[in-house]
Amino acid sequence: MKNSLRILTATLFSMSLAACSAGPTGENSLEPEVEAGLHQGVQIVDLQPGFSFTVRFVQGQDVIFMQAIRGRETPAEYQNDPSVPKYEIDARITDKEGRLLYVRRGGDDFVDPTWEDDLTFSESLPPATSSNRKLFEMVTAASKVLDAELARTAGAEAMASVLPEIGALREFGRSAPQALEASDLAVAAHVNTYGLIPPVAGGGGTDGPEDAQKYLDAGWYFIAVHRKSISFTFGTGDHSATRIHKYNTTSGGYTYFDFCNHGTCAGDMGEKCRLTMINKPSWTAMTCSTEYNTWSNSPGHNCHDDTRVQMAAFVYGPSMARNQYWCNDGDSSVDLSGGFEQGGSPDCNEGTDTGYNHPSMLNFWASNTASATQNTAQFSLVLAEGATYQISTCGNVSTDTVMRLKNAAGTEIAYNDDDYGCSYNRASTLNFTAPASGSYTLHVGCYSTLSCNGKVWVKLVSSTTPPPPPPPPPPPPNYYSATNTNYAMQNYASFWYWLNAGTTYQFSTCGTSSTDTYLRLEYYDINTYAISEVTVNDDACGLQSTITYTVTTAGYYFIQAGCYSSSTCDGAVNMTITGYAPVEAVPYEEQYYY
């Protein structure tokens, strides 16, 4: 089944393009590309009972695809709580070209590993023409009728076999309006406080090589931790998961990534806390690769470990492999184990007890460093312009440390020896707002010729650089811009239509432009491939043009939209029906039956 699913994944978007090709707008296009008449509502693309389904949902000319795949069962300890999903379900929602609106990962890896490649593919696409907000409204609408439509078209038994997958998509459909509101408020808070600043690169840091694959593209992100109490097989405890909100500054749209961490996803839990929005470069929101273990004992991890790994990746990294630190740290004193060892759930702070710093991360030992000018421990940091970071050894050393921060050119731009705000004032702290996005190197050493050891922790304090405002909406599909068209006889834009005999149509640029437009209506004979001109118009309403025509022969027609003489113009060609062919009345005859 997985092989056939991958084939479906590879062909899904090409199918949608073939089914959804809209009227042409290209210059001098002579091939009819008339809207084929999309089937409205929910339509099954693929259904594999007990495993997965894919549907297409159409409203007008807008299309979304919704897909869900069943993974393995959620941990046995979760099965006692009926509010917890029984399976680790992956789900995703895209527009008709494949741009992601929503991705959900139920466990540590996607059931279909090609989904990670599709994340990268989605980010490579040009900005969408459909309204991002309208598509999310469609998500909510479609999620409400999935079960009924699947039962109607595939049968009640087939529908019932994928109820867990339906539930996964419905969960996001329910929470989508709240997610959009949270994203809007986060963007507005930055803009209202700091004003509008163009986007820049940004990020976190690492004390080792970055993971090779970065499947979340650069953009404005914030990460929210969600939690709820659940009934384990051995008592009540906490489950946590994360939702990552992305604001795309190119399209002005949002994308959401849910990491369910083996249990309930963010949409069905309350938000506990969030980390501030920053403009990150390409990055990866990690999960552990070790096996699940409720108590977070070696060689395993639990949901809270995954949550903390995702926060660490957001702030400074990731600076770890998927089998390090929280993912494989034995019976650690900083484990969060559902309320039974160190209770509770992760917090959005720099602490090692419940936050995104691990006691074993960014550790160092040095000697004879001449106050951090030689023999230093070095940590690479990738910082975001306008974001303020606190980088410190306070609370993690008992010896005299010195820190120096250098930019990519090797120039020292920040220094600290003694942090007098720390209870041990021989520790070091940098409060640093990055002047530019990019790579920095932190040199950590000891005062004079002393030896020292300890740990550096990093805190994301704030981001004073706001995201830019959304771009203007894309032009409508009936918009054109042209120059030197010689009265719409060259360099023009073509708009194709199927026109019915006896019907009166009006094609007009009136009210859509302040330039001098010119329209020609042409007939295309599908039998002889001949093109003949029907009528033209130059100035029907000021400098704009209107053609009104009652069709005598049904068939393909197209508008050649151009400009007067050699001028430059633009506008939108609006088509309206102003009259219908008369319908012959059928005389009424009263019928008698005996």
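This is a predicted model: local features need pLDDT of at least 70, side-chain atom pairs count only at pLDDT 80 or more; totals for chains, interfaces and linings use all residues.
**Figure 1. Overview of the protein.**
The protein has six helices and 30 strands. Helices (H or I, at least four residues) and strands (E, at least two) are DSSP runs, numbered from the N terminus. Of the 594 residues in the protein, 51% are buried. Buried means under 20% relative accessible area, exposed over 50%, and partly exposed in between, with a 1.4 Å probe and protein chains only. Contacts (heavy atoms within 4.5 Å) can also be sorted by sequence separation. Among those between residues at least 6 apart in sequence, 73% join residues at least 24 apart.

**Figure 2. The open sheet of nine strands.**
The strand order is β1-β2-β3-β4-β5-β9-β8-β7-β10, and the pairing is mixed. Two strands pair if DSSP finds at least two bridges between them. At the edges stand β1 (41–48) and β10, each of which pairs on one side only. From one strand to the next, the twist averages 15°. Such angles run from 0 to 180 degrees between N-to-C directions, and the axes are lines fitted to C-alpha atoms, for helices over the stretch in contact.

**Figure 3. The pairing of β3 and β4.**
Strands of a sheet pair through backbone hydrogen bonds, either parallel or antiparallel. Strand β3 (residues 62–73) pairs with strand β4 (residues 87–95) in the antiparallel sense, over eight bridges. Gln-67 stands opposite Arg-92 in β4.

**Figure 4. Helix α3 and its kink.**
Helix α3 covers residues 132–154 and has a kink of about 50° centred on Leu-146. The bend at a residue is the angle between axes fitted to the seven residues ending there and the seven starting there. Leu-146 is also one of the buried residues of α3, which include Leu-135, Phe-136, Met-138, Val-139, Ala-142 and Leu-150. An α-helix has 3.6 residues a turn, so residues three or four places apart point the same way. Helix α3 lies across β1, β2 (52–59), β3, β4, β5 (100–105) and β9 (254–259), and runs at about 65° to β3. Just after α3, Gly-155 takes a positive phi of about 105°.

**Figure 5. The surroundings of Thr-140.**
Thr-140 lies in helix α3. The relative accessibility of Thr-140 is 15%, so this residue counts as buried. Leaving out residues up to four places away in sequence, Thr-140 touches Gly-173, Ala-176 and Pro-177.

**Figure 6. The disulfide of Cys-273 and Cys-348.**
A search of the whole structure finds seven disulfides, a disulfide being a pair of cysteine sulfur atoms within 2.5 Å. One of them joins Cys-273 to Cys-348, with 2.1 Å from S to S. The torsion about this S-S bond is about 75°, so the disulfide is right-handed. Cys-273 lies in strand β10 (residues 270–280) and Cys-348 in the loop between α6 (303–316) and β13 (363–367), so the pair ties together parts that are 75 residues apart in sequence. Cys-273 counts as buried at 16% relative accessibility, and Cys-348 counts as buried at 19%.

**Figure 7. The disulfide of Cys-288 and Cys-327.**
Here the S to S distance is 2.0 Å. The link is left-handed, with -75° about the S-S bond. Cys-288 sits in the loop between β10 and β11 (291–292) and Cys-327 in the loop between α6 and β13, so the pair links distant parts of the chain, 39 residues apart. Cys-288 is buried at 0% relative accessibility, and Cys-327 is buried with a relative accessible area of 0%.

Terms used
Residues are numbered from 1 along each chain as its sequence is written. Side-chain values use heavy atoms; hydrogens and water are left out.
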